[in-house]
2 protein chains.
Amino acid sequence: MKIGIYGYGNLGKGVEYAAAQNSDVEIAGIFTKRDPACVKSAGAPVYPAADVLKYKDDIDVMIICGGSATDLPVMSPELAKNFNIIDSFDTHARIPEHFANVDKAASESGHLGLISCGWDPGLFSLNRLYASAVLPDGADYTFWGTGVSQGHSDAVRRIPGVADARQYTVPVDAALEKVRSGETPELSTREKHTRVCYVVAEEGADKALIEKTIKEMPNYFSDYDTTVHFITAEELARDHSGLPHGGFVFRTGRTGLEGGHKHVIEYRLALDSNPEFTASVLIAYARAVGRMYARGRRGCVTVFDVAPADLSPLSPEELRAHKL
Amino acid sequence: MKIGIYGYGNLGKGVEYAAAQNSDVEIAGIFTKRDPACVKSAGAPVYPAADVLKYKDDIDVMIICGGSATDLPVMSPELAKNFNIIDSFDTHARIPEHFANVDKAASESGHLGLISCGWDPGLFSLNRLYASAVLPDGADYTFWGTGVSQGHSDAVRRIPGVADARQYTVPVDAALEKVRSGETPELSTREKHTRVCYVVAEEGADKALIEKTIKEMPNYFSDYDTTVHFITAEELARDHSGLPHGGFVFRTGRTGLEGGHKHVIEYRLALDSNPEFTASVLIAYARAVGRMYARGRRGCVTVFDVAPADLSPLSPEELRAHKL
């Protein structure tokens with residue numbers, strides 16, 4: 001399978017690493033808006049994004065590695081006019097609209113697109129679906145973290161006097177334990193997660209004011225118990241340069257006579273690198289997109305529409321013998 | 001969707017309960033080898049198993065609730081000659097052979113069969129497949145328990161002097177923690193699980209001999225650290241009448257430059273009732289079998305071949321809006 005990587009930031013580099021772990025995947029080209037001469041890949045050719053159409057016959061699936069806020073809503077429908085595509089669009093509320101746009105473009109051009117692939121949306125979504133289909137009389141819980149939230153880190157960085165910052169989302173142990181026990185508690189936003197910020201203040205900045213501004217920031221922090229630590233730029237670089245993330249999806253439900261039996265389904269991810277793991281999911285689903293396209297599937301799909309066997313390099317016989 | 005329940009033991013009763021939780025599912029008939037007059041259902045009609053062909057036009061999917069040792073290898077191919085079927089065949093080593101038999105019968109008769117559905121094989125298998133497709137450079141671990149193993153309980157009951165017994169399979173915490181930390185240890189059988197037996201001895205039986213016989217039993221106990229507790233029949237009935245089970249599927253793997261980033265995927269089930277939960281999985285997959293048959297799929301499939309969306313009563317639009 002020949003893939004293209006459209007966008008070469010953290011996620012695009014993760015796709016490059018993940019492709020190297022899959023012997024049936026070859027990178028036909030990396031497309032960047034920067035000057036290709038200044039972009040160093042591990043070996044795959046680097047082309048200007050503007051030239052992408054020249055390579056349309058060389059690429060089975062284009063993996064679009066852009067941001068959800070402004071890149072993907074434009075890039076994915078546009079590229080679906082000429083390529084099979086896959087993206088990691090993760091603005092949950094706008095998924096129906098994004099799906100419709102990609103579906104229209106891909107259907108008209110005779111291609112296949114798969115949107116919102118990664119771990120949430122993605123593997124977490126699959127677990128929400130499987131678990132709720134199996135336990136209809138139950139409740140879903142999703143917790144995130146411990147991990148770096150880029151959006152929240154950016155929000156802190158925009159505060160006057162802040163030179164740099166890193167924000168961690170942390171699930172509350174007591175809430176996890178309550179759900180894990182099979183209870184179906186109603187949990188408020190504050191009861192589910194706390195937020196921890198590591199902030200490098202500019203020289204002479206009013207730290208008390210920065211802390212107050214963070215803790216009272218609506219949408220981002222005001223509904224949470226937030227802890228703020230002021231550290232040096234060196235400490236930030238040394239201790240907080242990674243992009244770990246993860247979380248939990250639970251479903252607890254009841255079956256049997258008068259719902260007498262409780263069941264707990266728990267799915268947990270603990271990821272050293274959010275972008276590299278997301279990229280690994282994208283590669284597996286790119287394989288499925290290639291296969292489904294070859295069988296005649298067109299338009300837009302999501303992880304919900306993909307039979308698991310299509311993700312694996314193993315044959316159906318090998319899967320039944322060794323994974324079932 | 002109209003289902004039939006073929007076999008009315010613990011699993012068949014579980015299917016009956018699970019059907020009541022799904023408003024799109026109706027039980028067209030329960031088929032039993034016992035005298036139907038002596039079988040009390042919660043409301044669905046009960047028929048002799050021998051009359052099953054009379055109802056072939058009334059049933060969309062037949063859920064076969066038999067044992068894997070001798071029932072399903074015969075029942076599933078036989079019923080697939082006249083019905084869409086689903087079973088929970090769980091003898092892992094014989095899955096390829098069972099698949100071939102059901103595939104032949106269903107293909108020839110123009111039906112669809114789904115075999116080996118439940119939690120292991122079933123939901124655990126899905127997690128092994130998804131996780132290995134996403135993290136090709138990694139290792140799989142499956143742990144079972146804490147839960148009742150019927151096969152091991154039966155093996156203890158066959159020992160002379162044993163009136164009744166219950167055997168629990170227990171995963172070893174230290175092994176779980178080692179895997180959960182992201183290591184990829186080589187674990188022996190003994191390091192992964194312990195076995196705990198509750199035994200009711202017959203009056204005058206030689207308890208020391210019973211304990212020795214259990215602990216030295218090849219295949220079942222000799223490779224494990226086994227604990228034997230002698231209790232009264234009343235204690236067994238009071239404290240060990242349930243059929244809890246569950247377990248863990250892990251994959252730990254590495255990504256990135258020189259595999260520098262570790263990832264842990266953990267899936268856990270904690271089930272008060274093994275047969276009721278298995279039945280709940282069967283109902284969700286029976287829905288998928290009905291839909292796939294309606295779209296023209298024939299022959300035999302497994303959980304690996306089913307797109308997750310086919311399991312849910314929600315529409316694709318609802319799934320994308322609320323579960324993705």
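Mentor: Contact here means heavy atoms within 4.5 Å. Please bear in mind that this is a predicted model.

Trainee: Which residues in helix 4 of chain A meet helix 4 of chain B, and how many charged residues does the contact have?

Mentor: From helix 4 of chain A come A:Leu123, A:Leu126, A:Asn127, A:Tyr130 and A:Val134, and they meet B:Leu123, B:Leu126, B:Asn127, B:Tyr130 and B:Val134 in helix 4 of chain B. By class, this contact has eight nonpolar and two polar residues, and the number of charged residues is none.

Trainee: Are these two helices roughly parallel or roughly antiparallel to each other?

Mentor: Two packed helices are described by the angle between their axes and the distance between the axes. Here the axes lie 13 Å apart, at an angle of about 170°. Angles over 145 degrees count as roughly antiparallel. Helix 4 of chain A and helix 4 of chain B are therefore roughly antiparallel.

Trainee: What relation superposes chain A on chain B?

Mentor: The copies meet through the same surface, because 98% of the interface residues of chain A are also interface residues in chain B. A rotation of 180° with 0.0 Å of shift along its axis superposes chain A on chain B, with an RMSD of 0.0 Å. That is the relation of a two-fold axis.

Key:
Residues numbered from 1 in each chain as written. Chains lettered and ligands numbered in written order. Predicted model: local features only at pLDDT ≥ 70, side-chain atom pairs only at ≥ 80, totals over all residues. Heavy atoms only, no water. Axes fitted to C-alpha atoms, helices over the stretch in contact; angles between N-to-C directions. Helix = DSSP H or I, 4+ residues; strand = E, 2+ residues; numbered from the N terminus. Parallel < 35°, antiparallel > 145°, perpendicular 65-115°, else oblique. Nonpolar A, V, L, I, M, F, W, Y, C, P; charged D, E, K, R; others polar. Least-squares fit on C-alpha atoms with pLDDT ≥ 70 in both.
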